[in-house]
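This report considers selected residues and their surroundings, together with the nonpolar cores. The sequence and structure follow.

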Amino acid sequence: MPSKAKTGKKLVIVESPAKSKTIAKYLGEGFIVEASIGHIRDLPQPSELPAELKKSSVGKFAVDIEHDFKPYYVVSPDKKKKVTELKAALKDADELYLATDGDREGEAIAWHLLEVLKPKVPVYRMTFGEITKEAIQRAMGNLRDVDQDLVDAQETRRVLDRLYGYEISPVLWRKVARGLSAGRVQSVVTRMVVDRERERMAFRAASYWDLTGQFGADSGSFKAKLAAVDGSKVASGRDFNDNGELTSRNVAHLNEELATSLAAGLQNAEFRVRSVDTKPYTRRPAAPFTTSTLQQEAGRKLRFSSKSTMQIAQRLYENGYITYMRTDSSALSDEAITAARRQASELYGPEYIPQSPRVYTNKAANAQEAHEAIRPAGDSFRTPAQVAKQLSGDEFRLYELIWKRTVASQMGDAKGSTATIRLGAVSTDGRDAEFSASGTVITFPGFLAAYEEGKDETRGDDDSDEARRLPNVAKGDALTASDIQALGHETSPPPRYTEASLTAELEKKGIGRPSTYASTISTIQDRGYVRKQGSALVPSWIAFSVIRLLEQHFSDYVDYEFTADMEGDLDKIANGQEAGASWLRHFYFGEGSDPGLLSIVNNLGEIDAREINSIPITDQITLRVGKFGPYLESSAAVVDPKTGEIVESARANVPEDLAPDELTAAKAVELMETAAPEERVLGADPHTGHTVVAKNGRYGAYVTEIIPEMTDEELARQPVEYYKNGKPKPPKKPVKAKPRTGSLFQSMTVETVTLDEALQLMSLPRALGEDAEGNLITVQNGRFGPYLKKGTDSRSIGSEEEIFTITLEQALEIYSQPKQRGARAAVPPLAEFGPDPVSEKNIVVKEGRFGPYITDGITNITVPRATSLEELTREQAVELLAEKRAKGPVKRTATRKAPAKKKATAKK
């Protein structure tokens, strides 16, 4: 068979189309650059496996747990066309270059391409940290093979995450709520946020007082703070623990009385300088950005979320503006160091760069040095002004931040001096009071001329005296005092995590990889475990339930050290020091005294779901995480203040915007006392005999009827069904009748609505009659007010009261008029239920092609035929959307037309 003729073409495969366009400019003729658009294959859902595999050792996870945990990969349905295109391009190529990213994920993508494309031409692995002409040329001179150790490490992570999620998540579904998920890193990060909130909930504030005053000398005035009384240091916030107890010995704890009397006794005292201490000040620049520090600083300075930071950085990298943005290294290449020093010298002067280049090493746990730090791309940097017109606003701001940090990292130290003045006097009651003031004067700004690192919120007293110049005084100098006043303070609880401070803590503990921090923090918000309050991360009550269950029954898997050690083990696999299959076997099946995940899941024992979902607030009030959200329940008898009746096991809803640490004992009592009664009996429907009640639901007041259960005698009278063999079938449980319901008008309350009004509300929608074409016209109430409905044509009417007075003639008159909102105006929703707890989008019921459906703009679910719009509640809508979301998108099987039958040809 003749060999394939040489074409001179070389196929280069990268991940993204943007990256392919940039690289193509530097490779020249003969190179064809294509993009795989990320991974081309992955583990399928077990339900998608072939029938013969579902009952095998592969069936549970799409991983063969009996044969070295070998994954069963499939090409993703949306990538089949792309694979066909790549195979076609490969047919015309003499060489294949796999130029995916140089991290574990990129290495795995390259390996998958190799496995699927099965090239018969030479294959080269090509990596580069930046997309510039010089970097591409260097990469062509440093080609290698696919690194199987990196592939093994990434595959081990993928299988590990599948084992973890598929074994633990179902436990959460059964004991907390459907649709929840557990994750190797996700659950630990959620625990960190919950733990911080627990600290805030347990925190007890302590009060302390001090004095401040304004002091003057011939050379100027300055402000000073009381430092000591009778030789003892004055207590500050740092001297108390989180229980409000004073922990430091030999300190003077001033209360209001002592502080105000001291201030009064110093009003006319003679103050003198007791000491002046001056020390040299030196401050070094921060290291160039890693993935983690970039996310932190962009959060502090630019108010970007971690996810946004990485998305913008990805665009900058793919278009050749910065180096690769997923890196643990703070090191710079020789070329980058030269470029940074040259630019600093040109912009600020040669005196601003040190004699020798600065070299940085990592301090974070489990740091890897595989890549260079994040910096401007190229062997010479473009200034922000040079790229301003080529970038969007956010891209420019992030590029400028990276440029400043990189250039500053190679600049000289900031230098100056810090002076501390101690001054004092004796009060009229004989107490000796000593004040202190500090200030730093920068004499040489060094790197501060280019950049200064931001800081996260900290606890304690802010004694920062940066850049404050103090007057020139000497020991023994007399000072004039004014405005001496006593100030009261309270200790503050630990600050909540922000995305920036959470990222810093994750890196410090060695949990997860910095490249995944952004997606992990985004995931715990998307799952409803955490929400943002300003920039602070606040856990939900359901997160408390999830973490409590995991702590009690899967303690190792949410332990910080265990998770960090696991990350270290995965790094050993990447370095070829351990095999992924044997590590997974130990993790899942256990070894020796280590039980392994499978044994833990199989021996969970009985889990009390009610206990898991209950958090005591007081001795008699408990917060419970229910199916439709958190609520308070009291074990004590509560007297209704309006009726005087004793209500057993009273309940109160918890406002959605109330943070857990704000639900104090006093707040819980207030919510219980102000809660409207859950239910009020209005009487019996004269036609059916059913009891009619008014209720306060979590999302509004409504009336409904109570349909009694069938008695044993009624059940016995049910007709008996028989099998074909003549034997009677077991009696079926009767289908429970749906009660009629109706939302209260805005003018009504549970306390004031009458039985007659309730019966009217439950009768809605009200049929008015038919138009000339036979179309039925009804009137009903919606979230946007009362309206008429004729088919899909809806028209608003004036007030809710008109629902029961409007006539068919009046309705026909309204329909005879053109719509006021334009020919293509949107039909008002049939119902609206407020924001969805998962997507945070507004839930509405719309009229669809196949009937009414519920949607949050992302997920759609048809209203069950057995449920009328009037009885559909928010709780049902939320649950239906959650169930649909949990099932995932519907897999639609393409229907193929049968090939046309060929006409039989007559035999000759």
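## Leu266

Leu266 lies in the loop that joins helix H8 (256-265) to strand S13 (271-283); helices (H or I, at least four residues) and strands (E, at least two) are DSSP runs numbered from the N terminus. With a relative accessible area of 0%, Leu266 is buried. The classes are set with a 1.4 Å probe on protein chains only: buried is under 20% relative accessible area, exposed is over 50%, and partly exposed is in between.

Residues up to four places away in sequence aside, Leu266 touches Leu211, Phe271, Ala425, Val426, Ser427, Ala433, Phe435 and Ile484, where contact means heavy atoms within 4.5 Å. Between Leu266 and Asp429 the C-alpha to C-alpha distance is 9.3 Å, although 163 residues separate them in sequence.

## Basis of the model

The model is predicted: local features need pLDDT of at least 70 and side-chain atom pairs count only at pLDDT 80 or more, while totals for chains, interfaces and linings use all residues. Residues are numbered from 1 along each chain as its sequence is written, and side-chain values use heavy atoms, with hydrogens and water left out.

## Ser36

The loop between strand S2 (31-35) and strand S3 (41-42) contains Ser36. Ser36 counts as buried because its relative accessibility is 0%. Its side chain reaches the backbone oxygen of Gly38 at 2.9 Å.

Beyond residues up to four places away in sequence, the residues that Ser36 touches include Ile13, Val14 and Glu15, as well as Lys79, Lys82, Leu86, Ile109 and Leu113.

## Phe804

Phe804 occupies the loop between strand S32 (793-796) and helix H24 (808-816). Its relative accessibility is 23%, so Phe804 counts as partly exposed.

Neighbours within four places in sequence set aside, Phe804 is in contact with Phe745, Gln760, Leu761, Ser763, Leu764 and Arg766. Phe804 and Arg766 are 38 residues apart in sequence, and their C-alpha atoms are 7.8 Å apart in space.

## Nonpolar cores

A nonpolar core is a set of buried Ala, Val, Leu, Ile, Met, Phe, Trp, Tyr and Cys residues joined through side-chain atoms within 4.5 Å. The largest such core has 92 residues, and Phe554 and Leu632 have the most contacts inside it. Helix H6 (residues 148-175) gives the most to this core, contributing 10 residues. Apart from this core lies another, of 53 residues, among them Leu316, Tyr321, Val387 and Ile402.

Phe554 touches Ile168, Val171, Leu549, Leu597, Ile600, Val601 and Leu604, when residues up to four places away in sequence are not counted.

Note on methods. A polar contact is a pair of N or O atoms within 3.5 Å; within protein, one must be able to donate a hydrogen and the other to accept it, and residues adjacent in sequence count only if both atoms are side-chain atoms.
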